[in-house]
Amino acid sequence: MQERMGNPALVLPEAMQALNALSKVPTETGLSPKLLELVNLRASQINGCSVCIDGHWRVARKHGETDERLFAVAGWRDAPYYSEAERAALALTEAVTRTSDRADPVPDQIWDEATRHYDGRSLAALVIAIANINVWNRLNIATRQIAGAWKP
C-alpha cells in the first residue's frame, strides 16, 4: 500500500499545532501518560490505524508500560493487569470510538462508572484524549499513512 498524501496535519502546520496543543491537555490535567497510551492504543486497534498501533506501544514503553499490559489491552475485560479506573477509561474509549455500534453510543452504565473514578476535569480530559486519538486515526487511515514511518 502507498500513502495517498502526506498526513494532513503535516501539510497544514496550523492543524498540527492545534492537535499537539490538544494532546497536551490531558496530561496537564493530571491524567497518567501510561493510561493515555492505553487509551490511544485501544482506540487505534478498534479503528485499525496501523500507524498509531505501531507508534503508541512505543510511547507507552517509554513511560514504563509493561509488555503484558500492552499485549493484553485488546482483551482488557478478561486480563488481570488493569485497575478499575483503567477499565472504566478503556470502556469509555471503546464506547466513544464505536459511536455507530448502538443506539446509545455511551450508555449511562459506562459513563457512570467513569465518573466513579474520574472527577469533572479528569473526565473531560479523558474524553478529549479519546476524541484526539480518533482524529489522528482518521487522518492516518484516510490518507493511508504507512506504519513504521512514525517512530516516537
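Tyr81 is partly exposed, with 40% relative accessible area; here buried means under 20%, exposed over 50%, and partly exposed in between, with a 1.4 Å probe and protein chains only. Tyr82, by contrast, counts as buried at 5%. This is a predicted model, so to speak of local features takes a pLDDT of at least 70 and side-chain atom pairs count only at pLDDT 80 or more, while totals for chains, interfaces and linings use all residues. Residues are numbered from 1 along each chain as its sequence is written, and side-chain values use heavy atoms, with hydrogens and water left out.

How many aromatic pairs does a search of the whole structure find? It finds one, and the partners are Tyr81 and Tyr82, edge-to-face, at 6.4 Å centre to centre with 80 degrees between the planes. For the cut-offs, rings of Phe, Tyr and Trp (its six-membered ring) pair if their centres lie within 6.5 Å; planes under 30 degrees apart are stacked, over 60 edge-to-face, and the rest tilted.

## H6 against H7

Helix H6 covers residues 84-97 and helix H7 residues 108-117. Helices here are DSSP runs (H or I, at least four residues), numbered from the N terminus. The two pack at about 145 degrees with their axes 9 Å apart; axes are lines fitted to C-alpha atoms over the stretch in contact, and angles run from 0 to 180 degrees between N-to-C directions. The crossing is left-handed, that is, the near helix is turned anticlockwise from the far one by less than a right angle, with clockwise being right-handed.

On the H6 side you'll find Glu84, Ala85, Ala88, Ala91, Leu92 and Ala95, meeting Ile110, Trp111, Glu113, Ala114 and His117 of H7. Contact means heavy atoms within 4.5 Å. That set divides into eight nonpolar, one polar and two charged residues, where Ala, Val, Leu, Ile, Met, Phe, Trp, Tyr, Cys and Pro count as nonpolar, Asp, Glu, Lys and Arg as charged, and the others, Gly among them, as polar.

## H3 against H6

H6 also packs with H3, at about 35 degrees and with the axes 9 Å apart. This crossing is right-handed. From H3 come Leu35, Leu38, Val39, Arg42, Ala43, Ile46 and Asn47, which meet Glu86, Ala89, Leu90, Thr93, Glu94 and Thr97 in H6. The contact divides into seven nonpolar, three polar and three charged residues.

## H4 and its cover

Helix H4 has 13 residues (50-62), and at 1.5 Å a residue it should span 18 Å; the end C-alpha atoms are 19 Å apart, which agrees. The expected span is 1.5 Å times one less than the number of residues.

Which residues of H4 are buried? They are Val51, Cys52, Asp54, Gly55, His56, Val59 and Ala60, and their cover includes helix H3 (33-47), helix H5 (67-72) and helix H8 (120-142). Just after H4, Gly64 takes a positive phi of about 90 degrees.

## In and after H8

Asn132 sits in helix H8 and is buried, at 7% relative accessible area. Leaving aside neighbours within four places in sequence, Asn132 touches Leu19, Leu22 and Ser23.

In the segment after H8 comes Arg144, which has a positive phi of about 55 degrees although it is not a glycine. Most residues other than glycine have a negative phi. Arg144 is partly exposed, at 34%.
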